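Let's take a walk through this model, one region at a time. Keep the viewer open and follow along.

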Amino acid sequence: MKTLIVGSGSLTDTEFLKKKYEWADLVIAADGGSLYLVDAGLEPHILLGDFDSLPDPVLQKFRRNDNIEIVEFQPEKDYTDIELAISFALERGATNISIVGACGTRLDHTVANIHLLYKIIKSGAKGCIEDENNQIFLIDNSITLYKRDKFKVSLVPLPPYVKGITTTGLSYPLTDETFVFGIGRGISNEFAGEMATVSIKEGLLLVFVSKD
């Protein structure tokens with residue numbers, strides 16, 4: 001099941017959100033992320049969070065909508081709304097999760113949300129954080145990427161290292177390489193064709209498809 005999670009981070013392109021909405025079988029709004037859907041004339045299937053980011057009139061309008069499932073948590077909780085939404089999506093049978101509105105000015109939230117991709121891949125599902133300019137994947141085996149104009153590919157290892165990195169379809173190929181945490185060697189590669197692959201033998205590798 002394709003699931004879209006909408007967080008309250010930065011999200012400026014309404015058309016991008018509408019395309020992701022059409023892609024999804026299930027749409028979960030994490031608290032204030034629901035405001036992006038409202039602005040786009042859309043509504044979530046599920047509204048989840050402690051609702052500290054929602055104006056009360058908006059929240060009450062959601063409560064009156066029988067088509068929206070409300071899942072409310074107390075403000076004093078151990079998990080962020082995005083993590084709760086991921087857990088909920090996995091419990092509902094999500095196999096492919098796209099998270100938008102997961103990045104923004106709060107870098108602590110951004111980094112934590114990127115780390116939550118681990119929760120998704122360990123469950124056996126696919127996961128991606130994305131916006132108009134970025135796609136962020138975390139892999140423990142392999143991934144296939146499709147060329148997007150003006151987008152570059154960057155590889156960032158998580159600690160302590162990633163072994164056996166091999167790429168195809170990129171301008172600067174790698175063959176059975178090791179990246180140690182704390183280097184920037186894998187930044188800004190380019191597509192050499194319409195498709196590229198990245199595979200690893202050991203570790204966790206962040207794969208970014210990004211443009212300026």
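What covers the buried residues of H1? Before getting to that, two notes on the ground rules. This is a predicted model, so to speak of a local feature takes a pLDDT of at least 70, side-chain atom pairs count only at pLDDT 80 or more, and totals for chains, interfaces and linings use all residues. Residues are numbered from 1 along each chain as its sequence is written, and side-chain values use heavy atoms, with hydrogens and water left out.

Now for the cover: it includes strand S1 (2–6), helix H2 (34–39), strand S5 (96–100) and strand S6 (126–130). Contact here means heavy atoms within 4.5 Å. Helices (H or I, at least four residues) and strands (E, at least two) are DSSP runs, numbered from the N terminus. Helix H1 itself spans residues 14–23, and its buried residues are Phe16, Leu17 and Lys20. Because they cover an arc of only 100 degrees around the axis, they sit on the same side of H1; the arc is that of the directions from the helix axis to the C-beta atoms. "Buried" stands for under 20% relative accessible area, "exposed" for over 50%, and "partly exposed" for anything in between (1.4 Å probe, protein chains only). On the face of H1 turned away from the buried side you'll find the exposed residues Lys19 and Glu22. Look at the start of H1 too, where a side-chain oxygen of aspartate 13 comes to within 3.0 Å of the backbone nitrogen of glutamate 15. That is a polar contact: a pair of N or O atoms within 3.5 Å, where, within protein, one must be able to donate a hydrogen and the other to accept it, and residues adjacent in sequence count only if both atoms are side-chain atoms.

H1 also turns up in the largest pocket. Its lining takes two or more residues from each of H1, S5, S6, strand S7 (134–139) and strand S8 (142–146). S8 gives the most, with five residues. The lining counts 26 residues, and Lys126, Gly127, Phe137, Ile143 and Thr144 lie nearest the centre of the pocket. The space inside is about 660 Å³. For the bookkeeping: on a 1 Å grid over the protein atoms alone, a pocket is an open set of points where a 1.4 Å probe fits, with protein on both sides within 12 Å along at least five of seven lines, and lining residues have an atom within 4 Å of a point. Grid points are joined across faces, edges and corners, and the volume is the space filled by probe spheres set on the points.

Next, the charges. The structure holds nine salt bridges, each being a side-chain nitrogen of Lys or Arg within 4 Å of a carboxyl oxygen of Asp or Glu. One of them pairs glutamate 83 with lysine 119, with the closest N and O atoms 3.5 Å apart. This pair links distant parts of the chain, 36 residues apart: glutamate 83 belongs to helix H4 (residues 81–91) and lysine 119 to helix H6 (residues 117–122). Glutamate 83 is buried at 17% relative accessibility, while lysine 119 is partly exposed at 31%. Another bridge joins arginine 63 to glutamate 72 at 2.9 Å, N to O. Arginine 63 is partly exposed at 35%, and glutamate 72 is partly exposed at 47%. Aspartate 108 and arginine 106 make a further bridge, at 2.6 Å between the closest N and O atoms.

Is serine 154 buried or exposed? Its relative accessibility is 11%, so it counts as buried. The side chain of serine 154 reaches the backbone nitrogen of serine 188 at 2.8 Å. Apart from neighbours within four places in sequence, the contacts of serine 154 are Gly186, Ile187, Ser188, Leu206, Val207 and Phe208.

Serine 188 deserves a look of its own: it has a positive phi of about 65 degrees although it is not a glycine. You'll find serine 188 in the loop between strand S11 (177–180) and strand S12 (189–190), partly exposed at 40%. Aspartate 31 also has a positive phi, near 50 degrees, in the loop between strand S2 (26–30) and H2. Aspartate 31 is buried, with a relative accessible area of 1%.

Last stop: proline 159 and proline 160 are joined by a cis peptide bond, with omega about -10 degrees. Proline 160 lies in the loop between S9 and strand S10 (161–168).
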